[in-house]
Every structure is written in C-alpha cells, then in structure tokens.
Amino acid sequence: MDADVHPDVVPVAWLLGTWRGEGVGGYPTIEDFRYGQEVRFSHDGRAVLAYASRSWLLDDVGAVLRPAATETGYWRPQPDGTIEVVLAHPTGFAEIWIGTVTGTRIEVHTDVVARTGTAKEVNAGHRLYGLVGADLLYAYDMAAVGHALQPHLSARLAKVGAEG
C-alpha cells in the first residue's frame with residue numbers, strides 16, 4: 001500500500017485509479033439507453049478520495065452519440081466503516097450520500113438532495129458499488145420527477161489506469 005494513503009482511505013483504496021466501461025440505463029420518463037463511462041478516484045494524502053465521472057451515450061454498436069452526465073465530488077471514508085459522499089452535478093443539483101464499506105462493497109443512499117430552481121426534480125438515490133473480479137460494478141436507483149425509487153443505471157467498469 002502506498003505510504004501516502006491516509007489510514008482512513010485504506011478500506012477504499014481499491015477504488016483508486018481510472019475506470020472505464022459501459023452500462024445501461026432507463027427510467028419511466030426516458031427511453032432505455034446504453035452509455036460509456038469513465039470514473040477517476042484520486043487522493044492527495046488526506047482522508048478523502050476526489051471523484052470525477054463523465055459519461056457519453058452510445059448507439060447500438062457502441063459508437064459515441066454525444067456527451068451525457070457528469071458528476072464530481074468527494075468520498076469520505078470514516079474509521080467506523082461508514083462513508084460520506086458529496087456530489088455535484090452541472091444540471092443544478094447536489095447530493096450528500098451516506099452508507100457503509102464492507103470489504104470491496106460500498107452501499108450508499110442519499111441523505112440530502114438540493115437543487116436549483118431550474119434543475120430536474122431528483123428526490124432520492126441508492127447506489128451499490130462492488131469489486132467483482134478485477135471490475136468495478138455498480139447499480140444506481142433513483143427517485144425523480146414524481147416516480148418512486150427504482151433502477152436507473154448499472155455498469156461494469158475496468159481499471160485502465162493507476163491513481164497518479
């Protein structure tokens with residue numbers, strides 16, 4: 001383990017690096033879709049991981065159609081095995097997530113969702129991340145625009161670069 005990794009980060013240090021892959025999405029208000037995604041987790045020695053995600057819509061053969069969602073923020077693992085995640089979206093909303101780290105499994109749910117007057121109505125979320133073999137898998141359930149919490153996104157990402 002890197003000597004510069006803060007002790008609180010050690011339980012989630014397996015996230016460090018750049019991950020890239022594909023996923024599928026859907027919701028009652030939109031058509032189902034395929035997407036590509038790149039996620040980067042980095043750190044600077046403090047008890048926090050910096051996080052950035054960008055995605056793009058794909059056609060049926062995997063060609064890029066256009067940019068899609070982005071989010072950025074911080075993952076704050078705690079000594080008691082809990083984790084706090086703070087995310088901001090350029091579409092006008094921000095979220096605070098809380099949850100637990102159990103080995104290579106992280107489960108979080110929204111504690112707070114704040115949005116600007118022009119942002120889409122997003123009310124709650126639940127995310128599950130896990131290391132399966134060498135890949136990062138995740139599922140994201142969302143409650144938005146008058147709908148209850150339900151599946152929205154899932155993806156399989158492969159590590160393509162070490163944290164640097």
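Visitor: How many of the ten residues of S9 are buried?
Guide: Bear in mind that this is a predicted model. Buried here means under 20% relative accessible area. By that cut-off S9 is mostly covered, and the count of buried residues is seven.

Visitor: What does isoleucine 106 touch, once its neighbours within four places in sequence are set aside?
Guide: Contact here means heavy atoms within 4.5 Å. On that basis the partners of isoleucine 106 are Val12, Trp14, Leu15, Trp75, Ile83, Thr100, Val101, Arg127, Leu128 and Tyr129.

Visitor: In S9, what is the bridge partner of glycine 130?
Guide: Strand S8 (residues 122–132) and S9 run antiparallel, joined by ten bridges. Glycine 130 has its bridge partner in S9, and that partner is leucine 137.

Visitor: Which residue takes a positive phi in the hairpin of S8 and S9?
Guide: Two residues lie between the strands of this hairpin. The positive phi is near 65 degrees, and the residue that takes it is glycine 133.

Visitor: What stands opposite aspartate 135 in S10?
Guide: S9 also pairs with S10 (residues 150–161), in the antiparallel sense, over eight bridges. Opposite aspartate 135 you'll find alanine 158.

Visitor: How many residues sit between S9 and S10 in their hairpin?
Guide: The turn of this hairpin holds valine 145, with a positive phi of about 40 degrees. Between the two strands, the number of residues is five.

Visitor: Zooming out, how many helices and strands does the protein have?
Guide: Read along the sequence, the pattern goes β-β-β-β-β-β-β-β-β-β. So the secondary structure, with strands taken as DSSP runs of at least two residues, comes to zero helices and ten strands.

Visitor: Why does the radius of gyration agree with a compact globule?
Guide: The C-alpha trace spans about 45 × 35 × 25 Å along its principal axes. With 164 residues, a compact globule would come out near 15 Å. The protein agrees with that because its own radius of gyration is 16 Å.

Terms used
Residues numbered from 1 in each chain as written. Predicted model: local features only at pLDDT ≥ 70, side-chain atom pairs only at ≥ 80, totals over all residues. Heavy atoms only, no water. Buried < 20%, exposed > 50% of the residue type's maximum accessible area, 1.4 Å probe, protein only. Helix = DSSP H or I, 4+ residues; strand = E, 2+ residues; numbered from the N terminus. Pairing = 2+ DSSP bridges. Rg over C-alpha atoms; globule rule 2.2 N^0.38 Å.
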